[in-house]
Amino acid sequence: MGDWTSDANEALKLTLGELTNFVTVLGLLVLIFCGAPILVRSTEDTKSFAEDGLCEFHPTFTYPIYGEDEKLYGYQGLEIDLRFASGSLIQYLNIKYTNKLDSTSTVDDVEGILSRFIPPGYFKDEQKFLAFVEKDATTFQPLGQLIHSYTRPALSASTEKGKATSSSQSLDPGREDSVVFEAYHTTWNTSGFKELHRRMQIFILLYIEAGSYINEDEDSWEFVVLYEKRKRSEAPNAATYHFVGYSSLYPFYFFPEKTRMRLSQFVILPPYQHRGHGSELYKAIYQYTLSRPNIAELTVEDPAEAFEDLRDRNDLRMLLYNQQFMEEGFGSEAVTHGGGRVGGVGRAGKSGKGGKIVTTARGKMGPPSNKAWLEKWRNDLKIAGRQFHRLVEMLLLLRLDSSDAAAERAYRIQVKERLYRFNFEILAQLEKEERLEKLEETYQSVRQDYSRILAMVS
């Protein structure tokens, strides 16, 4: 039976390979792959893109489509050929295999199952699809309002021998070796976006655990979509757009007359991961939130651990480089010339990260922190309560003088007070001795995790 069973995660594979992995059809360069959702670019776009190097990746999950065990039965050599035009995400689907069992109720209908998760009308003729891709490259434009842009070096430039350009370093968009990325805000009311969303939403199933499709009948959804903007070598004033990832947002009522924006889904396609694009998409969403007077705060729905780290890193950097916040928090004389980094907390003001000794009055950050001051800043920065207080605790730990027993004790009490309130229902059921023990264990675990996160930022 195993000979006729295919692993859906292996069959659904995306290959972005070297030029030797390309075949030419109708003047287009297309990727050879085995059952992968793939972003297909026109010949001209491939010329500018291929020099950066390409990679192969698999979906993380297929159980929302093919069942909990992620297995497909009845085939040998199964390949699920699912492609997307890299701008509009128009799709092509073809199922290939070397052998198939005689048609029985036990043989999985691979295309029939998958077709329920993508819009109807996908291409099945490869040549027609490739001709469409060539046209799409020159006609597709992002939908919605541009809210954020940044540049990155082309990977070939950042890895060229002798250069030290970071893949997350911004460049002048006019440079030949730079690539521009743009984020666009849209809603269901944006003309054509519902159709585009129906094509992009499958990435939620493939890369977010327990991800699901959202309800189009709920009118309030908002979205931020990130694109790579590539120059065309034969027409430098023209550009094509390639889908990188997106996030969905939902506004909730916030008493008395504002809204709370909840970040619901967030996905960056694997070829663009670990290059700072997730951080830029998050920054775009956060800055958009700040620009909207009617939004009180930005929250996140059930974040995965990787996204929590991304959020923490970006929120911490934002606070560290907010000069007014840091001056008020730690004292004006403690601010260095590095854009808001401060001296330590304690008797000598000694930095826990090796910063200079600064003798100064303790600011409102504490510990203990001035609660009214914290709440004023939390409201101004539109950060959810638990997240903001975690960030404050990290900043305090970053500059905590471990030799100052009073500062250590004040910090420990402040963190434990928040943890007790957050876990009150569970802790209240325990005997006092066990409650104190559990609270101390949680505190030590939280402090250790803060140190891990701070190491990524400093």
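**Faces, caps and cores**

Author: Gladly. In this predicted model, helix α7 (residues 193–200) has Phe-193, Leu-196, His-197, Arg-199 and Met-200 as buried residues.

Reader: What puts these residues on the same side of α7?

Author: Their arc around the axis is only 160 degrees, which places them on the same side of α7.

Reader: How do you know which residues of α5 line one face of the helix?

Author: Phe-129, Leu-130, Val-133, Asp-136 and Ala-137 each count as buried in α5, the cut-off being under 20% relative accessible area. Viewed down the axis of α5, the buried residues lie within an arc of 115 degrees, so they line one face. Lys-128, Lys-135 and Thr-138 are exposed on the face turned away from that buried side.

Reader: What makes Asp-125 a cap of α5?

Author: A side-chain oxygen of Asp-125 lies 3.0 Å from the backbone nitrogen of Gln-127, at the N-terminal end of α5.

Reader: Why are β9 and β10 called paired strands?

Author: Pairing takes at least two bridges, and six join β9 (residues 79–85) to β10 (residues 91–96), so the two antiparallel strands qualify. Leu-82, for one, has Leu-93 as its bridge partner in β10.

Reader: Which residues have the most contacts inside the largest nonpolar core?

Author: They are Ile-65, Tyr-66, Ile-80, Phe-243, Phe-325 and Leu-395, in a core of 102 residues. Helix α13 (residues 385–398) gives this core its largest share, eight residues. A second, separate core has six residues, including Ile-90, Tyr-92, Phe-129 and Val-133.

Terms used
Residues are numbered from 1 along each chain as its sequence is written. This is a predicted model: local features need pLDDT of at least 70, side-chain atom pairs count only at pLDDT 80 or more; totals for chains, interfaces and linings use all residues. Side-chain values use heavy atoms; hydrogens and water are left out. Buried means under 20% relative accessible area, exposed over 50%, partly exposed in between (1.4 Å probe, protein chains only). Helices (H or I, at least four residues) and strands (E, at least two) are DSSP runs, numbered from the N terminus. The arc is that of the directions from the helix axis to the C-beta atoms. A nonpolar core is a set of buried Ala, Val, Leu, Ile, Met, Phe, Trp, Tyr and Cys residues joined through side-chain atoms within 4.5 Å. A polar contact is a pair of N or O atoms within 3.5 Å; within protein, one must be able to donate a hydrogen and the other to accept it, and residues adjacent in sequence count only if both atoms are side-chain atoms.
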